[in-house]
Amino acid sequence: MHVNEKNRTPKKEDLDEGPSKSELKRQMTERQKLAEVLAALSSDALKTIPLDEAIKAAIAETNKIKSFEAIRRHKQYLGKLMRFLDEEELDAIQKRLDAIQGVSKAETAKLHHLESYRDRLIANDETFTKMIEQYPDMDIQNMRTLIRNARKEKEANKPPKAFREIFRVLKDMGI
């Protein structure tokens with residue numbers, strides 16, 4: 001370490017102080033948010049996350065806490081536990097979390113696709129004709145009846161029984 005001759009203080013450029021206090025605080029906040037996301041997962045999904053058993057138990061305990069202030073303190077505690085994880089462990093946790101959330105996003109997209117397909121079937125007969133060409137093995141008469149009933153239900157403002165049944169049939173067909 002070099003000493004400045006005028007005031008005998010160490011030069012800042014020679015000191016290796018590591019991350020700043022603000023950077024450490026940002027890291028801790030990120031880890032606490034990660035712990036909150038993990039706490040929101042189902043117990044089955046949490047089991048697949050590569051975490052220490054003590055941290056998993058603390059995360060699972062979050063759902064038992066009812067008081068707002070107690071939840072806030074518990075989240076801070078989870079953040080403190082997460083501090084001891086190194087970057088490789090955090091990366092592994094994030095990758096697994098992305099995989100879990102990606103599956104749910106893909107499932108949601110598939111359901112939206114089925115809903116729009118059902119709406120097009122009910123809206124016009126051309127879509128149903130194309131469906132017959134693509135899926136000749138399906139029960140055409142049953143589907144035609146369901147579509148007709150769904151249209152009648154919509155006109156009469158009745159509960160959408162056939163509307164839902166079309167969705168189930170499409171899902172079973174794997175469309």
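Is Arg-31 buried or exposed? Arg-31 counts as buried, at 8% relative accessibility. The model shown here is predicted. Its protein chain has 8 helices and 0 strands. Buried residues make up 26% of the 175 residues in the chain.

**Overall fold**
- The secondary structure comes to 8 helices, with 0 strands.
- Read from the N terminus, the elements run α-α-α-α-α-α-α-α.
- Of the 175 residues in the protein chain, 26% are buried.

- The structure holds 7 salt bridges.
- One of them joins the side chains of Arg-31 and Glu-87, with an N to O distance of 3.2 Å.
- This pair links distant parts of the chain, since Arg-31 sits in helix H1 (residues 21–39) and Glu-87 in helix H5, 56 residues apart.
- Arg-31 is buried because its relative accessibility is 8%, and buried means under 20%.
- Glu-87 counts as partly exposed, at 48% relative accessibility.

- Asp-125 and Arg-151 meet through their side chains in a salt bridge of 2.9 Å, N to O.
- Here too, distant parts of the chain are linked: Asp-125 belongs to helix H6 (residues 125–134) and Arg-151 to helix H7, 26 residues apart.
- Asp-125 is partly exposed, with 49% relative accessibility.
- Arg-151 is also partly exposed, and its relative accessible area is 25%.

- Lys-56 forms a salt bridge with Glu-53, and their closest N and O atoms are 4.0 Å apart.
- The two residues are 3 apart in helix H3, so about one helical turn separates Lys-56 from Glu-53.
- Lys-56 is buried, with a relative accessible area of 15%.
- Glu-53 counts as exposed, at 56% relative accessibility.

**Charged surface patches**
- Asp-52, Asp-86, Glu-88, Glu-89 and Asp-91 form a negative surface patch.
- Glu-89 has a relative accessible area of 36% and is partly exposed.
- Patch members need over 30% relative accessible area, so Glu-89, at 36%, passes that cut-off.
- A positive surface patch is made by Arg-144, Arg-148, Lys-152 and Lys-158.
- Lys-152, one of its members, lies in helix H7, residues 140–156.

**Thr-62, in the loop between H3 and H4**
- Thr-62 is placed in the loop between helix H3 (53–61) and helix H4 (68–83).
- Thr-62 counts as buried, because its relative accessibility of 10% falls under the 20% cut-off.
- A polar atom of the Thr-62 side chain lies 3.5 Å from the backbone oxygen of Ala-58.

**Asn-157, in the loop between H7 and H8**
- Asn-157 has its place in the loop between H7 and helix H8 (161–173).
- The phi of Asn-157 is near 55°, a positive value in a residue other than glycine.
- Asn-157 counts as exposed, because its relative accessibility of 70% is over the 50% cut-off.

Notes. Residues numbered from 1 in each chain as written. Predicted model: local features only at pLDDT ≥ 70, side-chain atom pairs only at ≥ 80, totals over all residues. Heavy atoms only, no water. Patch = residues over 30% accessible without salt bridge, like charges linked within 9 Å, V, L, I, M, F, W, Y side chains within 5 Å. Areas by Shrake-Rupley, 256 points an atom, 1.4 Å probe, with all protein chains shown as cover. Lys, Arg positive; Asp, Glu negative; His and termini not counted. Charge placed at Lys NZ, Arg CZ, Asp CG, Glu CD. Buried < 20%, exposed > 50% of the residue type's maximum accessible area, 1.4 Å probe, protein only. Helix = DSSP H or I, 4+ residues; strand = E, 2+ residues; numbered from the N terminus. Polar contact = N/O pair within 3.5 Å; in protein donor to acceptor, adjacent residues only side chain to side chain.
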